[in-house]
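Please look through the sequence and the structure below before reading on. The report then takes up a few local features in turn.

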Amino acid sequence: MAPRDSTLRTLVWTWGAPLALALPLLAAPLVLSDFRLNLLGKFLTFAIVALGLDLIWGYGGMLSLGQGLFFGLGGYAMAMYLKLETSGAKLPDFMSWSGLTALPLFWEPFRSPVVALCAVVIVPMAIAAAVGYLVFRSRVQGVYFSLITQGLTLIASILFIGQQAITGGTNGITNLKTIFGFARGAAATQTVLYFVTLFCLGALYLLCRRLTQSRFGRLLVAMRDDENRVRFLGYNPVTLKTLVFALSAGMAGVAGALFVCQVGLISPSSMGVMPSVEMVTWVAVGGRGTLIGAILGAIVVSLGKSALSESYPEVWQLAFGALFAASVMLLPTGVAGFVRRHAARLGRRDARGEAGARGDAAAAGAESADEVEAARAEAPATTGR
């Protein structure tokens with residue numbers, strides 16, 4: 001009975017929790033205004049980043065503080081195409097303001113949507129693979145890996161700010177009015193973008209779920225717990241780490257591209273150190289190593305941040321920091337870990353109750369059997385008299 005209950009709980013957690021989260025998200029366009037729907041769509045792009053971060057941190061044990069870099073690279077790749085589409089035959093406005101008279105050579109391929117969509121995934125993955133291979137080959141791990149990724153993010157954001165003529169500088173790439181020929185701000189376009197984002201989130205969740213339940217996922221967990229033992233067993237941790245780091249970077253790039261489509265701009269502030277740290281809070285609050293917890297954490301934290309900034313614009317940052325600190329101290333395993341732990345506790349309590357009931361029934365049956373035997377023993381004596 002116990003193994004059956006355990007299997008049922010696993011099934012409910014694996015598919016019941018995602019369905020419980022997916023149904024409200026599918027129904028959101030029916031009840032939310034255009035502004036709120038666009039805001040929720042933006043939060044779903046954050047959930048994609050959190051999903052990739054949970055894959056490398058929760059399962060692989062590698063805390064990356066540079067996911068904002070890959071998010072920004074994917075966003076800039078998409079924004080370059082959208083800016084050229086909006087500008088038409090003209091030079092993008094920020095280039096004209098900076099004194100350029102011709103489009104930079106590396107911008108030319110981004111006139112093609114196919115090139116832009118490929119760059120959204122390939123560029124972040126290529127950079128992550130190159131950096132990851134060099135870092136992991138040197139057996140850098142722990143806090144040193146986190147500091148390296150944070151430093152790369154800081155360098156990239158400063159570089160993008162300094163290249164005003166080709167990246168838009170501090171303002172970034174803005175005023176993106178169309179997307180694949182459609183008006184980006186139209187209600188119908190925003191609804192389609194919302195469902196596209198939701199579909200991408202669901203597809204990437206299924207991909208991550210498949211990976212974590214496969215042999216690759218078990219190797220990730222083993223590597224997180226004891227990397228040397230995995231190496232002694234004949235596996236190469238450098239390859240495993242590089243692959244999962246590149247995959248998470250590609251997911252962040254997809255999220256950045258969808259973010260640009262949702263909000264119509266991208267700037268270095270979206271790829272700096274602070275956004276990268278905030279991405280870590282999403283996974284920490286939701287729960288590491290759960291996937292669904294990372295999605296839930298990104299949405300809940302972003303909703304809380306938005307609500308606090310609207311209601312308390314003067315002190316919302318202090319309130320948000322206090323809320324995060326309280327959640328980490330009270331829920332060290334995150335919301336998903338808390339729910340899973342208490343569900344398992346209730347399951348064990350029910351199992352003990354059933355076992356106790358069966359024991360009582362068995363004891364009562366034994367007493368009844370003893371009484372019957374005693375009655376049978378007395379019956380012949382009574383008959384003889």
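## The model

The structure shown is a predicted model.

## Helix 2

Helix 2 runs over residues 34–59 and so defined has 26 residues. From the first C-alpha of helix 2 to the last, the distance is 37 Å, which is close to the 38 Å expected at 1.5 Å a residue.

How much of helix 2 is covered? Most of helix 2 is, since 22 of its 26 residues are buried. Just after the end of helix 2 comes Gly61, with a positive phi of about 75°.

Most residues other than glycine have a negative phi. Two residues can be read against that background. Asn175 is not a glycine, yet its phi is positive, at about 60°. Phe180 is not a glycine either, and has a positive phi of about 55°.

Where do these two residues lie? Asn175 sits in the loop that links helix 7 (164–167) and strand 1 (178–179). Phe180 belongs to the loop between strand 1 and strand 2 (182–183).

Are they buried, exposed or partly exposed? Buried means under 20% relative accessible area and exposed means over 50%, with partly exposed in between. Asn175 has a relative accessibility of 39%, so Asn175 counts as partly exposed. Phe180 counts as partly exposed because its relative accessibility is 39%.

## The cavity

Rolling a probe the size of a water molecule over the atoms shows where empty space is left. In this model the count is 1 cavity of 30 Å³ or more. The largest cavity holds about 40 Å³ of space.

Which residues line the largest cavity? The lining is made up of Gly66, Leu69, Phe70, Val131, Thr149, Leu152, Thr153 and Phe245. Helix 3 (67–87) and helix 6 (143–162) each contribute at least two residues to this lining. Helix 6 gives the most, with 3 residues. Sorted by class, the lining of the largest cavity has 5 nonpolar and 3 polar residues, and no charged residues.

Definitions and conventions:
Residues numbered from 1 in each chain as written. Predicted model: local features only at pLDDT ≥ 70, side-chain atom pairs only at ≥ 80, totals over all residues. Heavy atoms only, no water. Helix = DSSP H or I, 4+ residues; strand = E, 2+ residues; numbered from the N terminus. Expected span 1.5 Å × (residues − 1). Buried < 20%, exposed > 50% of the residue type's maximum accessible area, 1.4 Å probe, protein only. 1 Å grid on protein atoms, 1.4 Å probe; cavity = no way out; pocket = protein on both sides within 12 Å on 5 of 7 lines; lining within 4 Å. Points joined across faces, edges and corners; volume = space filled by probe spheres on them. Nonpolar A, V, L, I, M, F, W, Y, C, P; charged D, E, K, R; others polar.
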